[in-house]
Amino acid sequence: MNRKEYSLGLRRGLPVGMGYFSVSFGFGALAASQGIRALDAALISVTNLTSAGQFAGLTLILASAGLWEMVLTQLVINSRYALMSLALSQRMGEKIGLLPRFFVAFINTDEIFALAMSRQEPLTTPYLLGLGALPIVGWTGGTLLGALAGSVLPTNIRTALGVMLYGMFIAIVVPPAKQERPVLIAALLALLCSSLFAWVPGLNRVSPGISIVVCTVAAASVCAMLFPVEEDT
């Protein structure tokens, strides 16, 4: 393995790992407040590495949703990673083996993808492995510590830690929504659709998994029709 490339990936992935630690701490605390054991919460993080997917999955677990609802929800929420992985494969400067390919696909989150695509030089396997190492440690370690803290802290503090989830979503959505109208419209449509499933008689009986899928697909479809992206020719 090229140690220079791996070390460079580690250094550039450090800020992502630190950010993941703070966000996953909230996930761990929220999971513990709902009765999930600390080791189980850490196992969820180390095998998933997807914030939106995990929070949605936690909602489905607490609602005793069926396995097919869980699969469908995760497929819709995480479908973007397939396109992101295709983009990464076009930037690889060397052939990549089967096992490294699996690992690169696993660590391909939004932030890691942005760092990888911003590199001017061709991407290498050691660089991508280093880029994803610390984010995995940060995400899993933050979840474990958050769950441990959430299991011993008083109820009112555990409830307050759950607010971190909503703060994370606000921090993700508001900045791009101020700059791009389609993002704002998509967020408002998803909010409206989710409110209908929460308050309208009949719709409020729909399971959380189905409502998440419907809201996601509906908001994305409407914005795709209203704000199509022109392809470069």
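## Ser24 and its surroundings

Apart from neighbours within four places in sequence, Ser24 is in contact (heavy atoms within 4.5 Å) with Gly138, Trp139, Gly142 and Thr143. Ser24 belongs to helix 1, where helices are DSSP runs of H or I with at least four residues, numbered from the N terminus. Ser24 is buried, with a relative accessible area of 0%; buried means under 20% relative accessible area, exposed over 50%, and partly exposed in between, with a 1.4 Å probe and protein chains only.

This is a predicted model, in which local features need pLDDT of at least 70 and side-chain atom pairs count only at pLDDT 80 or more, while totals for chains, interfaces and linings use all residues. Residues are numbered from 1 along each chain as its sequence is written, and side-chain values use heavy atoms, leaving out hydrogens and water.

## Aromatic pairs

There are two aromatic pairs, counted when ring centres of Phe, Tyr and Trp (its six-membered ring) lie within 6.5 Å, with planes under 30 degrees apart called stacked, over 60 edge-to-face and the rest tilted. Tyr20 and Trp139 are edge-to-face, at 5.6 Å centre to centre and 75 degrees between the planes, and this pair links helix 1 with helix 8 across 119 residues.

Phe27 and Phe55 also form an edge-to-face pair, with 5.2 Å between centres and 85 degrees between planes. Phe27 lies in helix 1 and Phe55 in helix 3, so this pair ties together parts 28 residues apart in sequence. Both Phe27 and Phe55 are buried.

## Helix 2

In helix 2 (residues 38-46), Ala38, Ala41, Ala42 and Ser45 are buried, whereas Leu39 and Leu43, on the other side, are exposed.

Notes. Helix = DSSP H or I, 4+ residues; strand = E, 2+ residues; numbered from the N terminus.
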